[in-house]
Amino acid sequence: MSEENKMPQENLPAFVKAAPELLPVWDWWVKEGKSTLLMLVLVGIGVAGFYGVRNWLTARNAAANQALVNAYNVEELETAVRDYGSTKAGSALRLRLAKAYFDAARYEESLKVYDALVEKSAKNAAFADVAVLGRGHALEGLTKYADAEKIFADYAKANTNSYLVLDAQMSAARCKALQGNKDAAVKELDALKAATKDEIAKNRIERMTDAIKRYDPKRQAR
């Protein structure tokens with residue numbers, strides 16, 4: 001070792017003086033070890049941060065799922081949407097909130113939530129059909145029967161294989177009756193009944209037909 005590379009003996013720690021073979025290791029530590037350690041610490045922080053964020057997201061998604069199951073009234077669902085609206089359960093929570101608004105006769109608020117879900121339907125395909133028909137029901141609640149009928153009828157024509165097609169067809173007939181055209185509504189329902197072999201569907205259609213026949217718009221207006 002040259003004179004210029006020799007480290008002053010007084011600067012060496014006692015354990016290196018006692019074991020001169022550790023001198024190369026100590027020399028490396030002084031020259032590069034501290035920066036290497038800093039890099040390792042930073043990497044460690046980054047790894048810990050990654051797992052910390054992942055664990056936080058996992059816990060947040062779990063909490064969102066709990067809220068989806070346990071939140072019932074409007075206030076609880078509003079809180080859940082505010083806290084977990086950006087999670088995977090966000091769309092389902094918004095659907096439940098829209099339905100809660102509807103059940104509380106808060107049709108304008110219900111329509112706004114359904115509108116937002118329909119606008120993002122490309123990202124929430126699983127909920128798109130429910131959101132579209134939800135808009136129709138909210139408009140019906142606002143007595144905008146012609147607009148609601150169009151939504152239901154358009155959906156039924158475009159989604160003949162949907163599990164919601166009968167709901168849409170019956171809703172369209174109901175909105176037609178609410179506009180005063182009971183005979184046309186009953187005719188549509190009779191055609192639906194004749195076209196189906198499903199007894200449960202037939203019973204639903206018969207109940208709707210009976211309700212429409214008994215519907216008196218003059219009495220409803222009083």
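Lys176 is placed in helix H8. In this predicted model, Lys176 has a relative accessible area of 16% and is buried, because the cut-off for burial is under 20%. Beyond its neighbours within four places in sequence, Lys176 contacts Glu149, Asn181, Ala184, Ala185 and Glu188.

The overall fold is helical. The protein chain contains eleven helices and zero strands. Along the sequence, the pattern reads α-α-α-α-α-α-α-α-α-α-α. The chain has 222 residues, and 31% of them count as buried. Among contacts with a separation of 6 or more, 42% join residues 24 or more positions apart.

The mean pLDDT of the protein chain is 78, and 63% of the residues score at least 70. Helix H7 (residues 145–158) has the highest confidence, at 96. Helix H2 (residues 23–70) has the lowest, at a mean of 54. Over residues 49–57 the pLDDT falls below 50, and this stretch has zero contacts in the model beyond near neighbours in sequence. Residues 1–5 also stay under 50. For residues 1–5, the model has two contacts beyond four places in sequence. Where pLDDT is low, predicted coordinates should not be read in detail.

Nonpolar packing comes next. In soluble globular proteins, nonpolar side chains tend to be buried together. The largest nonpolar core here has 30 residues. Leu97, Tyr114, Leu117, Leu133 and Phe152 touch the most other members of this core. Two or more core residues come from each of helix H3 (74–84), helix H4 (90–103), helix H5 (107–119), helix H6 (125–141), H7 and helix H8 (165–178). H4 contributes the most, with six residues. Leu117 illustrates the packing. Leaving out residues up to four places away in sequence, Leu117 touches Ser91, Arg94, Leu95 and Ala131.

Helix H10 shows a clear division between its sides. H10 (residues 199–214) has 16 residues. From first C-alpha to last, H10 reaches 23 Å, close to the 22 Å expected at 1.5 Å a residue. Ala201, Ile205, Met208, Thr209 and Ile212 are buried in H10. Seen down the helix axis, the buried residues of H10 fall within an arc of 105 degrees, so they line one face. An α-helix has 3.6 residues a turn, so residues three or four places apart point the same way. The cover over the buried residues of H10 includes H8 and helix H9 (182–195). Glu199, Ile200, Arg207 and Arg214 are exposed, on the face of H10 turned away from its buried side.

Thr209 lies in helix H10. Its relative accessibility is 7%, so Thr209 counts as buried, the cut-off being under 20%. Apart from residues up to four places away in sequence, Thr209 touches Val186, Leu189 and Asp190.

Most residues other than glycine have a negative phi. Ala105 is not a glycine, yet has a positive phi of about 60 degrees. Ala105 sits in the loop between H4 and H5. At 47% relative accessibility, Ala105 is partly exposed. Thr143 is also not a glycine, and its phi is positive, at about 65 degrees. Thr143 lies in the loop between H6 and H7. With a relative accessibility of 51%, Thr143 counts as exposed, because exposure begins over 50%.

One aromatic pair is found in a search of the whole structure. Phe102 and Tyr107 form this pair, with 5.3 Å from centre to centre. Their planes are 65 degrees apart and the arrangement is edge-to-face. Phe102 is partly exposed, at 25% relative accessibility. Tyr107 is partly exposed too, with a relative accessible area of 23%.

Methods. Residues are numbered from 1 along each chain as its sequence is written. This is a predicted model: local features need pLDDT of at least 70, side-chain atom pairs count only at pLDDT 80 or more; totals for chains, interfaces and linings use all residues. Side-chain values use heavy atoms; hydrogens and water are left out. Rings of Phe, Tyr and Trp (its six-membered ring) pair if their centres lie within 6.5 Å; planes under 30 degrees apart count as stacked, over 60 as edge-to-face and the rest as tilted. Buried means under 20% relative accessible area, exposed over 50%, partly exposed in between (1.4 Å probe, protein chains only). pLDDT is the predictor's confidence in each residue, from 0 to 100. Helices (H or I, at least four residues) and strands (E, at least two) are DSSP runs, numbered from the N terminus. Contact means heavy atoms within 4.5 Å. A nonpolar core is a set of buried Ala, Val, Leu, Ile, Met, Phe, Trp, Tyr and Cys residues joined through side-chain atoms within 4.5 Å. The expected span of a helix is 1.5 Å times one less than its number of residues. The arc is that of the directions from the helix axis to the C-beta atoms.
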